[in-house]
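Q: I have a structure open and a few things to check. Can we go through them one at a time?
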Amino acid sequence: MTLQSGQRFRPFRCLSARCSVPATRRRLLGRVVSQWLPLSLLMLLVVLLGGCHSEDTSVPTDDDPLVISAALDLDVVAPLLDAFRQAYPQIPLRFEDRTTREVDDSVVGHLEGGQATGEGASRAPDVVISSAMPWQMARVNEGLARRLGGPEIERWPEWARWRDEVFAFTFEPVVMAYRLDLSRHMLPPQTHGDLHALLATQARWLSGKVTTYSPLSSGVGYTLAQQDARYSSRFWELVGAMGRADTRLETTTRAMLEGLSQGRYWLGYNLLGSYAMVYAQEHPEVIVQVPRDYSLVLMRMAFVHRDAPHVEAAETFVKFLLSQRGQRVLAGQTPLFSVLPGVTGPYTAARLRTQVGERLYPILPNATLLAFVDPARREAFTDHWRARFQGEPALDEAVERSSGALAPE
Amino acid sequence: MRLLVVEDDALISRSLVEALTPLGNTVEVFACCSDARAALRQGGVDLMLLDIGLPDGDGLSLLAELRNAGDRTPVIILTARDALDDRVRGLDLGADDYLAKPFELAELEARVRALLRRSQQRADNRLGLGPLSFDPASGAASLFGEPMALPHRELLLVESLLLHAGAIAPRETLEGRLFGFGEVGSNALEVYVSRLRKRLKGAGLRIRTFRGLGYRLEEDEG
Amino acid sequence: MIEVEGSLKRRLGGWLVVTVGVLGLALMVEAWVSSQRAAARAFDAQLQAAALTIAEAVRWQDGVPQVVVPAAALQILATDSQARVFYAVLDDDGRALSRNWPVDIPAAWQQALDEGGMSRDLTTALGELRLHAQRVASAGWVTQLPVQVWVGHTLEGRRALARSLFERSLSRFVAMVLLTGVLMGLTMRAALSPLRRLRRQIRERSADDFSPLAARVPKELLELAQALNHLFARQRQGREDLLRFTADASHQLKTPLAGLKTVSELGLRSSDPDEWRQALTRVHARAEDTSRLAGQLLSLARLRHLDQETALPALDLGALVREVALDWAARERAAEHDLGLGSLPAEPLKVRVEAWALREALGNLIDNALRYTPRGCQVTLHLAREGDWARLSIVDDGPGVADAALATLGQPFQRGGRQDTEGSGLGLAIVDTTARRMGARVQFANRSPQGLEVVLWLPLAKDEQGVTGALDAAANQ
């Protein structure tokens, strides 16, 4: 089945049942913590007793498995992990599903003497996966990633890797979503312009019914807002309009989707397409719309931690992610969309391109992302955003210009 | 005297036989090295006339063989090769004299005579020419058997001239013998020669002067 | 004897290799240095551009600087080779307005920084960094605090660019060397083709072909071709000389042989022993002349083919003259003449000549003197030194030679106008040839009241001249 541009995005049919299990991340995390905490403490003890023995144990064991610190829903990624376990049964693996901030903390936690949250604070994770691209980039720039080599790396598209240290391995469109009911009252938005017009004309009706990622408290939301501001000159008008419509700010796509499903929200802006598409399959009342004018694409990035206890296994895992086999699982059994050209399946970047057209604007792993984590810039940006959201006029033209609002790059 | 002629040209060897036989010699002719070698082995040869170019080998190698075997038989080399290097080589190898073809018979006879005389003198340890003789053992000269009472230097002159017997005694040799190697007046030697000439007058002997070269004691012809 | 000493191709090839090797090494060093420099220049410019871009983004609010780091600046910093990127915007007190700097910037550097900018290398845990800093101040209504913009990146880009520049130079150079080699080979083939043509032409010549070569040769081969032509000309001349000489010689021999034949025939016809005797006497005399003639012809032929190449030892002329004089004086031929030695110099006179040739020449002069003067005449050999020359003369007091004939005396078969006397006329030709071979000169002069003087001027051996010259000089003082 093909997806024609401008048509409503209808969920793919060929998703595995495994992915469709609804579970909130928090619950999952709680379960993981309660399951693994005693084990981890035991492991810590073993490490302390064994002195620096841990340095040498590069082969992961059941007691000391390969740790993947990831901001990626376990139920989405489960088929990939299964495939990995099948391919490498000798490598025990622990997948720690966290928020982007927790992931970022886990990267440096072991350096700061266990101040950070989580049970893995005393130990660096082996593999780090996150959708908070600027933070990932910043950590890699600081030299916390290990450089990889090999045929899988060579084959990986150059635009989706940086320094052969960090690899963008998914291709997740950022979408709008609305309740099916919406279309009964008004023409659903297909472009950013539509959305802006809708917010302007239907402000009263939509008030409190619109939701989006919070750029203030979510890394992904901030990244998307920054990127929107770079691409669209009228983004700030949209922000103003959203503010006037009393738009609710969420920190996860799942929360937005659940709000839509439950009827709290009618319209959602800047949701992660990967989650939304899966969700919409199970929830026919939720319609996913890939914007017709332009659509951002988020790429989840993975790297092997510099201080990974199991370097070899970690490299194996990342290379598996990037391999034909891994990408095929990604394309066929997860909505994460495969990046690797030549891989076939319902979820591939190539197929998305043919369906949606060339209006996809992936956020690429490059040095520009580093600017987004600059505290001064972030502060200036969020201040400006807050002001516009709250209906104040432009505080500082320079912020808009430097973030691309006035002169799109 | 027994003479050996080693020569492959029949005309020349016959001439040699005819020229040398009347002088009271027995002349045997061989045309090749091997025959000559056999004859030499028998001994009793007084002089050999040796051609260099022979059909079965080089005459010079035969000469070398002879001298290496300690045979002092006088040898005159004959060669058509008008080459001085051959002469030098021949003399180096122990030849006593050298004649280049074509030669005049008279020249040959004179050389043969002189060589035979020298060889004879060496044999009986006496020097002599015609009536003049000198006994190196006693140091006395005699003319027609009569002892000559000669002053020392004239005696030395007689000895030196007889030593060269028919050949030119070089001036330097005579001066060295008579006066030692000190400075000597240019005509000092001439004085002694002229005294000796007077003594030999009528004896059938004369001393011929070669200007700047030396003197030769000769028998008067006829 | 021709010895093979290497090959031209190999020699040229060797020189090519050496030249290209040395040149190549120098070029490679140069290429390496210049690619490093070019890469450094290019990337330093990018650093400056990034610093400038960041500086542009600095704003002053009430004199207090604020900065929003432009994303583009970081992309410029990172370059295509994805270098690690570091920046810091500091106020004058060293407080960071914005930074992702991994290390502290040395205070001294911060203090030394002025508007001109500064570039530094810095080694950190992340590897070597290249830094660039710029001090930014802006005019304003109120006092504005200046800021320092520091940017830096790791060196991957520089290294990659330098390497690729160097590799490009290297591949260009290798291509050039290969091309040069091929061209050199072709050139060598082309350049040597005239030589091959010449070789073929000479190889195809018949043995008796002495005509000059008709070939088109390059300038470099002209001398060789000319030398060959000269050689051919000399060979032709030599052959012609030989033919002429052989013809002359056989003619010379035929005449006396014809005489011999007629005389002996006449003698055989007669039955009178007196006539036999007369015939035999004539035969004997003619045979002697003929054999002498043959000997002289042989000498002349040998002299003409004298090997001039070998270096001769210096020999004492005085000793040789004495030896020859003694030899001739003892001969029967000289019995009727007064052959003597005149004055000899006290010092030895050294000359570099072939001893046998000089003996031959002297012998001929003596023989001539004996032959062409009446019995009882004096023949005297003199030797003296005059400057760098030895003057060897043979003087007789015979009738001499007609003045008109003096000039042609040295030529073969001339008898100095004395056809009446016996002799072949070759003797003086031998002397003349010998003299020319030895670098000597021959002079013929009549003496008064009568007689002939033949003078041989022989050049003294060079190394002897010095010594004797010095002795002379000492004696003259």
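Q: Which backbone nitrogen lies 3.2 Å from a polar atom of the side chain of A:Thr191?
A: That of A:Gly193. Keep in mind that this is a predicted model.

Q: Where does A:Thr191 sit in chain A?
A: In the loop between helix H6 (182-185) and helix H7 (192-201).

Q: Is A:Thr191 buried or exposed?
A: Buried, because its relative accessible area is 17% and the cut-off for buried is under 20%.

Q: What does A:Thr191 touch, leaving out residues up to four places away in sequence?
A: A:Met176, A:Arg292 and A:Asp293.

Q: On to the helix. Which residues of H7(A) are buried?
A: A:His192, A:Leu195, A:His196, A:Leu198 and A:Leu199. They are on the same side of H7(A), because they cover an arc of only 165° around the axis.

Q: Why would a spacing like that put residues on one side?
A: An α-helix has 3.6 residues a turn, so residues three or four places apart point the same way.

Q: What is exposed on the other side of H7(A)?
A: A:Ala200 and A:Thr201.

Q: And what do the buried residues of H7(A) pack against?
A: Several elements of chain A: strands S6 (172-179), S7 (210-213) and S9 (267-272), along with helices H8 (203-206), H9 (219-231) and H10 (235-244).

Q: Change of topic, the interface. How much area is buried between chain C and chain A?
A: About 1800 Å², with carbon and sulfur atoms giving 49% of it. On the chain C side, C:Val68, C:Gln82 and C:Arg84 supply 34% of the area that chain C buries against chain A, more than any other three residues.

Q: How many residues does each chain bring to the contact?
A: Chain C brings 22 and chain A brings 23.

Q: How many salt bridges cross the interface of chain C and chain A?
A: Two. One of them is formed by C:Arg84 with A:Glu165, where the closest N and O atoms are 2.7 Å apart.

Q: And how many residue pairs are in polar contact there?
A: 10, counting pairs with both residues at pLDDT 80 or more.

Q: Which elements of chain C give two or more residues to the side that touches chain A?
A: Helix H2 (71-78), strand S3 (85-91) and strand S4 (96-99). The largest share, four residues, comes from H2(C).

Q: What is the make-up of that side by class?
A: The side of chain C that touches chain A has 13 nonpolar, five polar and four charged residues.

Terms used: Residues are numbered from 1 along each chain as its sequence is written. Chains are lettered from A and ligands numbered from 1 in the order in which they are written. This is a predicted model: local features need pLDDT of at least 70, side-chain atom pairs count only at pLDDT 80 or more; totals for chains, interfaces and linings use all residues. Side-chain values use heavy atoms; hydrogens and water are left out. Buried means under 20% relative accessible area, exposed over 50%, partly exposed in between (1.4 Å probe, protein chains only). A polar contact is a pair of N or O atoms within 3.5 Å; within protein, one must be able to donate a hydrogen and the other to accept it, and residues adjacent in sequence count only if both atoms are side-chain atoms. Contact means heavy atoms within 4.5 Å. Buried area is the accessible area (1.4 Å probe) that two parts lose on being put together, summed over both. A salt bridge is a side-chain nitrogen of Lys or Arg within 4 Å of a carboxyl oxygen of Asp or Glu. Ala, Val, Leu, Ile, Met, Phe, Trp, Tyr, Cys and Pro count as nonpolar, Asp, Glu, Lys and Arg as charged, and the others, Gly among them, as polar. The arc is that of the directions from the helix axis to the C-beta atoms.
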